[in-house]
Amino acid sequence: MPTCTRCGRDSGGDFAFCPHCGAQLAGRTPARELRKTVTVLFCDVAGSTSLGESVDPEALRAILLRYYERIKGIVEQHGGTVEKFVGDAVMAVFGVPVLHEDDALRAVRSASDILEALPELGVQARIGVNTGEVVTGTEERLATGDAVNVAARLEKAAEPGTALLGAETARLLRGVVDVEPVPPLELKGKSKPVAAYRLLDIGEEAPRRLDMPMVGRERELRALRDAFGRTVADRSCQLFTVLGAAGVGKSRLAMEFFTRVGARVVRGRCLSYGEGITYGPVVEIVNQLGPLPSNGAVAAPLRSLLGESDEPTSSEEIAWAFRKLLEERAQEHPVVCVLDDVHWAEEKLLDLVEHVADLSRGAPILVLCLARPEFLDRRPGWSGGKWNAATVLLEPLDADETDRLLDALGGGEGELRDRIARAAEGNPLFLEEMVALVRESGDADVAVPPTIQALLAARLDQLDPGERSVLERGAVEGRVFHVSAVRALDGSEPQLPARLISLVRKELIRPEPSQVPGDEAYRFRHVLICDAAYDALPKAVRAEFHEQIAAWLDERGSEREADDIVGHHLEQAARYKQELGRPDAALAVRAGERVAAAGRRALWRGDDRAAAALLERALELLRPTRLDVALELDLASAQETPQQAAAIAEAAAERAHATGDVPGEAGARVMVAFNRLLSGEGSPDEVDACVNEALPLLGEAGDHACLSHVWAAFGWGVASVRGQYAEWTRAAGEALRHARLAGQRPTHLFFLEVALVVGPMPADEALETLDAALEDAPHASALVVRSDLLAMLGRFEEAWPSARDASDRLRELAAGPQGAGEYTLAEIAGLEGNYALAAQYMQDYCDFLSEHGQHALLSTFAPWLGRFLCALGRFDDAEPRAETGRELGDEHDVLSQSLWRQVQARVDSHRGRREKAEALAREAVAMIEQTDALNFQGAALSDLAEVLVDAGRLDEAVATLGEALERYERKRNASAAGQVRARLEALTGNSLPV
């Protein structure tokens, strides 16, 4: 037993890899030790003890020798291997040393033959048969694993003269064997009862397991060409999805289509692993499209996505920029944008596809997606309707098509050909793999495969060990692998180029454009081939290889989503070591930190779903070793509802309390209180108290990440609700500062822009402050609010183009009115005195809020719309908006409470209810005076002045307007101040100095 040079421990057996650390052992051949799905048979003589009492020892020995020989002959006749005899018990394995696609059937036929043969020897047998994954390749045992243990337990539970099958064996042979279920067995060593089936009879034919719908060809090809024709004729975007089961021929259909159309084809693939690898396909496509556009606004998000810039971006910006890039390229030549394996795509990528399909105009773009049928459960709208969308579902090849494909493949003649055709049932991959297996093995008597996985595993088992080793190492990187990655896992592979050529010739892999300069890449011809190669590796080897692949990725220095990919490989290595009972805490921490970095990037760009998945994975890795409250709060921030966020923050607070982390517990309690407020269960006072307790503790601890969360909660949950906008400005600035000190690059400003517009800072100073912040986070929502400051300063020639451009981008990104875009356009129009346009913009935004159930915001913006309607003299239309604010407004929301009173006061004054109107108007002024919102103070005073004018109290009205003018001038809101001066001049007949 060799000693491992890495960890210094004995291997404990004839392993190719150390079972303790996974390192390759000197002088051992890795290809011999594999994970395989095999079928194990245990047989024991029933009543052997009583037989020994009644039979002479020499006669008994003769009986047992004949018993052993008979069983060995039957097992080997069916292609199995007898591993050992223990007393009168026999263990046989089907699938070692060579897998067959029908090993389960061979084992059960052996069991049946044994049961029939032993009575002539004067003995009866009990047999257990079970299928499952084992480790093979050691000299001590053919197979090791739970499947072996279960087979032995099934044999003990069987009645004399019968065989019990495990659930997996019975499943594989459904339609071939006749079985009856027995009561679930309580087996030694199993925590739950085990399902078992008594063998009754065996049919003559292998099962046909392929019952999923397959694909036709010509009709779907015509549909694709028609869609492309509409794209070109209408200069429009078409979304076309090809649906089909694994191996049914989606990619082949697409390739045939490409050869028949004159278009630029770009292609990206969705990975089956790493939830947070959202934009990998987009990066692939962008790289294929050539130089980035000269338009800086379009290029900036793409440059950030490609890792060429540290400038932060968001999911919406990426989608918008990607669409603009496709439209630009399509002006030169029609573009077919292909996305492979869309069923593995993250939600944000699917949102991006819908964005392109919904908003592309004036450019011929066909977005072609390839997915499995269940994908439509996630996005039923892709079947048609809202977009220019269509789907086709691939169906089985008919008999004539099957014959033509078999001719092309050289599929043999006569009975063999018929058997292959029957087994395939119209599935092209079944046809191709069966013919390839016959051709490579030279064995015309190939049994029908019960599943395509068994077929692929059997084909891989017949490869040269060196070729198989290349596939296994490539599969660790993924469906697309690089030559340098294979070398990194086995640097002593001098025949690697020749083996790669051989694997291409055998159509197991094909060359693929490399993303690594100076390297070569290959793609597994089908993902199931990749899976079969990977599944054969022992977990100890997988752990070692994943760790080495992570090191290889780091060495090549690629920044493109490096944390996502490297984190995935480190995570896999850590999890396999944990499963093998030798956890590596340092490795788990490394993995957790990389996955956490990817999760935080997703969080900052607004991809909450991917962020939540990544951050949860990171915390699962880190929690056993350390508590990271800030990361727990990041996870809370990624939740869909405040209730979910509060639960996560509460759990983090409890963990911090249990470990004595007083600052961390205080920070988590802030987020609990804040999310209780958002869900309508808490109050600003509760948040404020928690913030006051947490700030000094976290400040002393220097926990910038938690401080960012706490300051953001204080700004939104306390200062904004109380109308303390200077405090909100300070809190947003602190949240931003601490986030950056924590090494994060947020793409939003924690609502700093809103606090600057509404708060007491003069408009020109606010503009300078905002511009300084926007250097690091130029998001469209902040840019459109910036336009409001320009409008206050009277710079409408700058404000309108900037606001419309940013608002259009926001509207396109969200496919509808979106926050700052619409209401800021309304505010700019109002500052310019165009109240009709202001009312139109604000109505659009209120309709959006109502449609999406955003009642808290609607309680503010509905009465704000009412003010514009009052300015137009439409008091009957204004009153329902005031009522909306009264019904929906929270009692703590000073702005909503003030605004609805202002509007109702104007309505009552117009209708002659002077006393009621003045009371409401003065209540509004008193409320808003408790805040430092100078613009809203000026508006409330202006509304009170109009009520006084209606009452004929001009002197009081003029004095009140003078107070409003003072507020606007203090804010340096030149536009609003100009409107107040004009109103004063109209009332007094005197010109006022500016």
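Residues are numbered from 1 along each chain as its sequence is written, and side-chain values use heavy atoms, with hydrogens and water left out. Because the model is predicted, local features need pLDDT of at least 70 and side-chain atom pairs count only at pLDDT 80 or more, while totals for chains, interfaces and linings use all residues.

Select residues 480–482, 509–512 and 521–524, which are β13 and β14 and β15; strands here are DSSP runs of E with at least two residues, helices are runs of H or I with at least four residues, and both are numbered from the N terminus. The three strands form an open antiparallel sheet in the order β13-β15-β14, where two strands pair if DSSP finds at least two bridges between them. β13 and β14 stand at the edges with a single partner strand each, so one side of each is left without a neighbour in the sheet. On average, neighbouring strands of this sheet are turned by 35 degrees against each other, direction ignored; axes are lines fitted to C-alpha atoms, for helices over the stretch in contact, and angles run from 0 to 180 degrees between N-to-C directions.

Arg 523 is buried at 5% relative accessible area, and Glu 512 is buried at 19%, where buried means under 20%, exposed over 50% and partly exposed in between (1.4 Å probe, protein chains only).

Select residues 280–288, helix α8, which is mostly covered, with seven of its nine residues buried. Among them are Val 282, Val 283 and Ile 285, and the elements covering the buried residues include β9 (264–269), α9 (296–305) and α10 (315–332). After α8 comes Gly 290, whose phi is positive, near 90 degrees.

Then select Asp 341 in the loop between β10 (335–340) and α11 (347–359). Asp 341 counts as buried at 12% relative accessibility and, leaving aside neighbours within four places in sequence, is in contact with Cys 270, Leu 370 and Arg 479.

**Further salt bridges**

By the salt-bridge rule the count comes to 71. For one of these, show Glu 76 and Lys 72, whose closest N and O atoms are 2.6 Å apart; both lie in helix α2 (residues 57–77), four residues apart, about one turn of the helix. Glu 76 is partly exposed at 42% relative accessible area, as is Lys 72 at 36%.

Finally, select Asp 634 and Arg 600, which form a salt bridge with the closest N and O atoms 2.5 Å apart. Asp 634 lies in helix α24 (residues 629–637) and Arg 600 in helix α22 (residues 585–604), so the pair ties together parts that are 34 residues apart in sequence.

Technical notes
Contact = heavy atoms within 4.5 Å. Salt bridge = Lys/Arg side-chain N within 4 Å of Asp/Glu carboxyl O.
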